[in-house]
Amino acid sequence: MTAATHSSLFPQVPESADAVLDGLDPEQREVATALHGPVCVLAGAGTGKTRAITHRIAYGVRAGILQPATVLAVTFTNRAAGEMRGRLRMLGAGGVQARTFHSAALRQLQFFWPKAVGGTVPRLLERKVQVVAEAAARCGVRLDRTELRDVTGEIEWCKVTRTVPADYPAAIARSVREAPRNPAEISQIYAMYEQLKHDRGVIDFEDVLLLTVGILQDRHDIAEQVRSQYQHFVVDEYQDVSPLQQRLLDLWLGDRNDLCVVGDASQTIYSFTGATPEHLLNFRVRHPEATLVKLVRDYRSTPQVVHLANGLLGQASGRAAEHRLELVSQRDPGPDPAYTEYQDEPTEAEGTARRIRDLIAAGVPASEIAVLFRINAQSEVYEQALADAGVPCQLRGAERFFERPEVREAGVALRGAARAGGNDPLLDDAVDLPSQVRAVLGTKGWRSEPPAGSGAVRDRWESLAALVRLAEDFARARAGATLSDLVAELDQRAAAQHAPTIEGVTLASLHAAKGLEWDAVFLVGLTEGMMPITYAKTDEQVEEERRLLYVGVTRARLHLTLSWALSRSPGGRASRRPSRFLNGLRPGSAASGSLRGSAGGGGGGGAGGIERGSTGRRRQRGPVRCRVCGRTLTDAGEMKLMRCEDCPSDMDERLYERLLEWRAVQAGKIGQPAFCVFTDKTLMAIAEAVPSTEGELTGIAGVGARKIARFGADVLTMCAGQELVAEGGED
């Protein structure tokens, strides 16, 4: 997984300014040499826009036209800003500031606050959702978790569109947005949220921009000081600029026009946050003298992938569609995109996992494969299917485990206990490392039995239980390990979350995948109601969903698979339809609108047309029912157990513990996480069923032919109550 095409990690610094231009195509060279006045670069996916703008800055610096300290390059993520700084250093243009809007504004706010306001900048609020929850409670409004998230999003939208609480009902009526609650209630919560922040002397991330704008508007001397510092601006991903960010950019510029903007209206996918492509589309209206350059040579994707991407936008409508770019692949031909229809979601996940396993066996690194979906809730069944297939994976865009509040608190408590050693009375009755961890985490809410139901309390318990299991695995793997050793292990694991590449298949939402690319991409769950999402009601919202799918398609370099399931669960009614966006593109479908060019050939599904999902174990069975109460099961975990989570378990506890110990040893042997051997749910199912034959073992979800061949003999031996040949040692 990378954010740029493959290249040497440590290229030599160009010897001269002219050498900076070596290797650029004609359009990229035009961008790099356009150093005066306003410049607008319309850059399609995979066309090397970051390469073009970094070489532009470097060429200007190396030629003596630009001074590094006077250039400010702005983008939207810390990752992108870091990548830009790295590229500039390699081109001999170190010293150029490359930051996000928030980072640049915060730096200026901290510097000028004492002069403009006095004192120090208010503390930055890390988690606004907690304050929003309190504001709602004070207003007598009860919000569940989803409503809390949505109301917080509305407040953020208000601030980036510069809408004050009293104006929210009118603003929402004028917009195409749909308020998650009564607009008057949201207005009241918004006002209370602002009051609570004021009373506590804190600001949020949107305030950073608002306050910087306020200082630059009110203090002309400070604005002039900023303008004397920064004289040349570059803005990447300009289609995602909000009205508030545009106002800040205008104040940085003053009456000057040394501005280069780069963007693609067809990749506008964040309008729900207040972003709008209008600033990009109107750039030449505001700056009639602007130089316009279009980058359409696609160096990322094969002609087959590019053909599908062009066909997808060929059906688009609206103003952004009028400015779409027709990409031209610069790569050798590759395989056609594959279209696969499955009977149900679990079968789709299993089929995807099998294909991924085949790609890895063929030499594609797991880190160069991604499964992309519309919403994060779709990830669970794919996590399970990949685990069952023995394929490691990582979830991108979700809250990191070690950043969860309860995990942070647990880490502090464990560190304190390790420091106290034998002087901590909590550890008096603890006889080994796992019991020490259980004693410490017991003060934070961990119990041997999980709390009933779901929600925040259960989520907190699951996090703490994961730490307990980790301590148990750690103690088994390292005899004599101490609490201090475990704390060091936790620190290393937390740090590893920020590694640029993890050798595992990436699971991500389409939004989280923006700016990234992989050799192989699986776009899953492409049904009506999911793509476009069911709450996309207006034409504008539907077109943004189309652009979101376009972003997904253009993440693929070589292999691209698009799939959908006709029902949610095995045996369910096949009532779903493939996404309308695939009409005229997938084999055998009629176009829903005019297409630019044929949808066959590269855009089709190959000679075989649409593939049908494998007629494996899941396709043959009807609805999965709880073996205790008979209820139809739809949850992946419950289907694996063959019973409801709340129904009584007849699990052989001793066998389960033995299976856990055996799994830890096997995971160590193959150098993969324990769940790649068998998941907890699969081991629970085995301990409940206690199979005596391979046929019975194969009947347990998550135990396929590959797992039988590798682990079947050991599992059946343990189920029979017999000792392994050398338990914990040889197979």
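Tutor: Begin with a term: buried means under 20% relative accessible area, exposed over 50%, partly exposed in between (1.4 Å probe, protein chains only). This is a predicted model: local features need pLDDT of at least 70, side-chain atom pairs count only at pLDDT 80 or more, and totals for chains, interfaces and linings use all residues. Residues are numbered from 1 along each chain as its sequence is written, and side-chain values use heavy atoms, with hydrogens and water left out.

Student: What percentage of the protein chain's residues count as buried?

Tutor: The protein chain has 731 residues. The share that counts as buried is 50%.

Student: Within what arc do the buried residues of H6 fall?

Tutor: Helices are DSSP runs of H or I, at least four residues, and strands are runs of E, at least two, numbered from the N terminus. In H6 (residues 128-138), Lys 128, Val 131, Val 132, Ala 135 and Ala 136 are buried. They line one face of the helix, because the arc, taken from the directions from the helix axis to the C-beta atoms, is 140°.

Student: Which helices do those buried residues of H6 pack against?

Tutor: Contact means heavy atoms within 4.5 Å. The partners are helix H7 (145-160), helix H9 (183-200) and helix H10 (205-218).

Student: How are the rings of Tyr 238 and Phe 283 arranged?

Tutor: Rings of Phe, Tyr and Trp (its six-membered ring) pair if their centres lie within 6.5 Å; planes under 30 degrees apart count as stacked, over 60 as edge-to-face and the rest as tilted. Here the centres are 6.2 Å apart and the planes at 90°, so the pair is edge-to-face.
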